Protein chains: 2
Amino acid sequence: MTERFWNASVTDLLRVRDGFDLRAVDPSSTPGTTAGKKGGQAELAASAQELRELQERLFAQSRAGEPERVLVVLQAMDAAGKGGIVNHVFAQLEPHGLQLTAFKSPTEEERSHDFLWRIAPRVPGPGVIGLFDRSHYEDVLIQRVREFATADEIERRYGAITEFERGLVADGVRVVKIMLHVSPEEQAERLSDRLADPAKHWKYNPGDVDERQLWPAYMSAFQIAIERTNTPDAPWFVVPANSKWYARVAVQRIVIEALQGIDPQWPAADFDVAAEQSRLAATLELRWP
Amino acid sequence: MTERFWNASVTDLLRVRDGFDLRAVDPSSTPGTTAGKKGGQAELAASAQELRELQERLFAQSRAGEPERVLVVLQAMDAAGKGGIVNHVFAQLEPHGLQLTAFKSPTEEERSHDFLWRIAPRVPGPGVIGLFDRSHYEDVLIQRVREFATADEIERRYGAITEFERGLVADGVRVVKIMLHVSPEEQAERLSDRLADPAKHWKYNPGDVDERQLWPAYMSAFQIAIERTNTPDAPWFVVPANSKWYARVAVQRIVIEALQGIDPQWPAADFDVAAEQSRLAATLELRWP
């Protein structure tokens with residue numbers, strides 16, 4: 001299924017490399033596949049089992065002490081499809097092995113600490129796939145655009161993020177950073193749809209239009225953040241997201257390939273299997289009232 | 001679909017009532033349906049959308065200040081199918097609105113506090129569906145059977161649990177307590193399957209056989225716990241679980257009916273929709289480089 005759907009490694013195609021220019025990424029493109037929406041939806045469903053088995057192996061091997069885990073960082077403009085990625089890709093995972101954190105505007109207490117203070121405790125433990133729906137990158141995106149921090153402080157943060165992520169990698173965290181990239185025209189349509197449907201009003205925030213007015217400043221902030229924090233061990237992926245079906249299969253495949261990179265294995269039993277089979281068999285003789 | 005699958009309200013059928021006797025529940029029975037495994041699997045898939053929409057409404061109305069949420073407490077002997085319930089029923093929910101907590105043997109720190117100390121912080125917030133995979137009921141089940149606490153302390157806990165749950169209900173938490181009920185013969189088969197498959201060894205714990213040897217004591221502890229803590233607002237449901245398909249559709253339906261009891265509504269917009277449509281339209285005139 002996968003071989004036919006993808007005509008190249010989407011992980012290779014979307015991974016940010018030296019000389020990256022966000023302006024050169026077409027949000028409507030679908031690198032690595034020509035299958036279209038219907039094919040994309042079929043691929044998404046067909047690969048769920050592969051994703052789940054890798055997750056289960058990762059979880060299982062952690063019970064035997066293996067430290068590996070995955071952290072996916074998801075960043076995007078409003079209405080770019082983060083929610084859909086959560087509900088259509090990460091919802092395929094077993095809930096026990098998934099830890100989802102949605103970072104909102106920092107609270108007063110959070111603002112009184114270094115920007116990584118609220119992030120660090122949400123790093124997933126061994127065997128778990130963590131998803132950050134927004135993240136420490138907000139601290140160099142909206143905070144840069146809105147000048148919520150000084151230029152010096154923003155500058156400091158790029159290095160702090162790189163150091164922080166280096167520490168995660170050393171602990172066995174596979175760090176995957178994803179920007180969903182929509183065009184401003186596509187965003188306008190999606191916001192307009194939310195305004196047109198009373199069942200979607202709760203997803204709409206007047207602040208979305210305020211931020212939208214600063215689109216070029218946000219694209220510039222993304223470009224700089226990605227440049228400054230893209231490292232071999234904690235790479236960025238920029239996923240064209242005007243087509244929801246494409247963004248979903250691309251993120252699914254990136255996560256699958258991250259898990260394949262770990263290559264998790266079923267752990268050996270830490271008990272004597274034959275002895276346990278005998279003990280279990282002996283209980284069948286018990287006479288219970 | 002539902003009307004044809006269920007020939008009676010499964011919530012009514014499985015709800016514990018006065019005079020309840022666990023020994024009278026046949027773990028192989030399938031109250032409320034004669035559809036069988038294939039029909040059950042179809043029903044489980046067909047009702048996913050209904051479950052998700054109710055969940056989304058619950059989440060949405062909480063954004064407007066509504067306090068309601070759901071807490072499902074899941075208790076069972078080992079290998080009774082808790083994992084399957086999580087992965088086949090709760091996995092249907094949107095991850096953002098689901099908070100899953102697996103309670104393990106208490107740590108040293110947890111043991112130094114009252115038994116509810118580790119439980120209370122895991123109660124879901126407004127709009128969220130919480131699932132306790134094991135719970136405060138372990139403190140009157142294994143702790144009673146194994147005499148980890150004195151008889152007086154166990155006695156005190158039934159009342160403490162009832163008081164604790166009364167407080168939850170007052171806060172807008174719909175409390176749903178579920179025992180998955182398997183037969184000891186069915187458990188033996190499932191444990192045997194785990195021992196036979198190296199990919200399942202990580203799920204096996206030699207302690208499972210130790211607890212299994214105390215089956216009658218556990219059934220008695222369940223009977224007493226259910227009797228003492230079954231209240232109109234925080235009811236128990238005993239779900240026959242020898243058929244995995246039945247346990248899954250039954251739990252799914254119980255959760256759906258709990259949500260229907262809340263009857264969550266899309267919240268009204270807290271902004272001027274027409275004004276926002278104008279503001280959004282105005283951004284389409286912006287000339288970005």
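Of the 289 residues in chain A of this predicted model, buried residues account for 53%. The accessible surface of the chain amounts to about 12,900 Å², and carbon and sulfur atoms contribute 48% of that area. The secondary structure of chain A consists of 13 helices and five strands. When the C-alpha trace of chain A is laid along its principal axes, the extents are about 75 × 45 × 45 Å.

The charges of the chain were considered in terms of their mean positions. Chain A carries 34 positive and 43 negative charges, and the mean position of the positive charges lies 4 Å from that of the negative charges.

Chain B is brought onto chain A by a rotation of 180°, with a shift along the rotation axis of 0.0 Å and an RMSD of 0.0 Å. Because the rotation is 180° and the shift along the axis is 0.0 Å, the two copies are related as by a two-fold axis. Within chain B, Ala91(B) has the C-alpha nearest this axis, at 3.3 Å from it.

Key
Residues are numbered from 1 along each chain as its sequence is written. Chains are lettered from A and ligands numbered from 1 in the order in which they are written. This is a predicted model: local features need pLDDT of at least 70, side-chain atom pairs count only at pLDDT 80 or more; totals for chains, interfaces and linings use all residues. Side-chain values use heavy atoms; hydrogens and water are left out. Helices (H or I, at least four residues) and strands (E, at least two) are DSSP runs, numbered from the N terminus. Buried means under 20% relative accessible area, exposed over 50%, partly exposed in between (1.4 Å probe, protein chains only). Accessible areas come from the Shrake-Rupley method with a 1.4 Å probe; for residues, only the protein chains shown count as cover. Lys and Arg count as positive and Asp and Glu as negative; His and the chain ends are not counted. The place of a charge is taken as NZ of Lys, CZ of Arg, CG of Asp or CD of Glu. Copies are superposed by least squares on the C-alpha atoms of residues with pLDDT of at least 70 in both.
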